[in-house]
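These are my notebook entries on one model. I went through it element by element and wrote down what I looked up.

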Amino acid sequence: MKQHISNSPQQTKNLAHKIAKKFETGEIIALSGDLGSGKTQFTKGLAEYYKIKNPITSPTFVVMKIYNIKNNKIINKLVHVDAYRLENSDEALAIGLEEYLTNKNCLVVIEWAEKIKDILPKKTIWVKFNYGEKENQRIIKTKKNLK
């Protein structure tokens with residue numbers, strides 16, 4: 001597990017840029033952490049990296065938002081999911097998430113992913129957000145196959 005320290009929302013976004021540079025195909029990114037711990041900022045960083053112009057907000061009430069990526073030959077969609085309001089994995093499957101989880105051309109980012117971890121593939125990249133000691137500080141841990 002790799003640990004990163006972020007002292008600002010921009011540093012959290014920069015970490016997302018750094019991670020996105022390594023993607024060769026669509027990936028599944030599982031985000032977990034308390035409210036306000038940086039999950040949406042990280043997703044905004046991914047969107048910046050892929051030059052998505054639409055404002056990125058947590059899809060808490062709509063559960064899933066899909067953004068087109070125009071300037072990448074492999075990844076053509078960012079699928080942003082917020083599992084906070086889901087009761088179980090069946091609800092995630094009912095909204096069509098499985099289609100995106102198996103699509104190599106989609107980058108799937110799931111906030112509150114621990115709620116639906118039983119349907120996530122083993123290759124999922126887990127990113128855990130914790131509050132640091134300073135006001136804006138976050139401790140961000142990344143790991144593949146956290147299941």
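Is cysteine 106 buried or exposed? I find it buried, with a relative accessible area of 2%. I use buried for under 20% relative accessible area, exposed for over 50% and partly exposed for what lies in between, with a 1.4 Å probe and protein chains only.

Conventions. The model is predicted, so I keep local features to pLDDT of at least 70 and side-chain atom pairs to pLDDT 80 or more, while totals for chains, interfaces and linings use all residues. Residues are numbered from 1 along each chain as its sequence is written, and side-chain values use heavy atoms, with hydrogens and water left out.

Entry: cysteine 106. I placed cysteine 106 in strand E5. Helices (H or I, at least four residues) and strands (E, at least two) are DSSP runs, numbered from the N terminus. I then listed the contacts, meaning heavy atoms within 4.5 Å. Not counting residues up to four places away in sequence, cysteine 106 touches Gly26, Glu27, Ile75, Lys77, Val79 and Tyr100. I also looked up isoleucine 28, which is 78 residues from cysteine 106 in sequence and 8.4 Å from it in space, C-alpha to C-alpha.

Entry: the sheet. I read off an open sheet of 7 strands with mixed pairing, in the order E1-E7-E6-E2-E5-E4-E3. E1 and strand E3 (64-68) are the edge strands, each pairing on one side only. From one strand to the next, the twist averages 20°. I count two strands as paired if DSSP finds at least two bridges between them.

Entry: strand pairs. E1 and E7 run antiparallel and are joined by 5 bridges; serine 6 stands opposite arginine 138 in E7. E3 and E4 are also joined in the antiparallel sense, over 5 bridges, and here I noted methionine 64 opposite valine 81 in E4. E4 and E5 pair in the parallel sense over 6 bridges, with histidine 80 opposite valine 109 in E5. For E4 I found 5 of the 6 residues buried, so E4 is largely enclosed by the rest of the structure.

Entry: helix H2. What do the buried residues of H2 pack against? I listed helix H1 (9-20), strand E2 (28-33), strand E4 (77-82), strand E5 (106-111) and strand E6 (125-131). The buried residues in H2 (residues 39-49) are Lys39, Thr40, Phe42, Thr43, Gly45, Leu46 and Ala47. After H2 comes lysine 51, with a positive phi near 60°.

Entry: leucine 101. I found leucine 101 in helix H4 (residues 97-101), where it is buried with a relative accessible area of 9%. Leaving aside neighbours within four places in sequence, leucine 101 is in contact with Ile28, Val108, Ile110, Ile119 and Leu120. Leucine 120 is 19 residues away along the chain, and the two C-alpha atoms are separated by 7.6 Å.

Entry: positive phi. Valine 63 has a positive phi of about 70° and sits in the loop between H2 and E3; it is buried, with a relative accessible area of 11%. Tryptophan 112 has a positive phi of about 60° and is found in the loop between E5 and E6; it is buried as well, with a relative accessible area of 13%.

Entry: the largest pocket. What volume does the largest pocket have? I have about 280 Å³. On a 1 Å grid over the protein atoms alone, a pocket is an open set of points where a 1.4 Å probe fits, with protein on both sides within 12 Å along at least five of seven lines, and lining residues have an atom within 4 Å of a point. The volume is the space filled by probe spheres set on the points, which are joined across faces, edges and corners. Strand E1 (2-6), H1 and strand E7 (138-144) are the elements that give two or more residues to the lining. Among the lining residues I noted Lys2, His4, Leu15, Glu27 and Lys144.

Terms used
Axes are lines fitted to C-alpha atoms, for helices over the stretch in contact, and angles run from 0 to 180 degrees between N-to-C directions.
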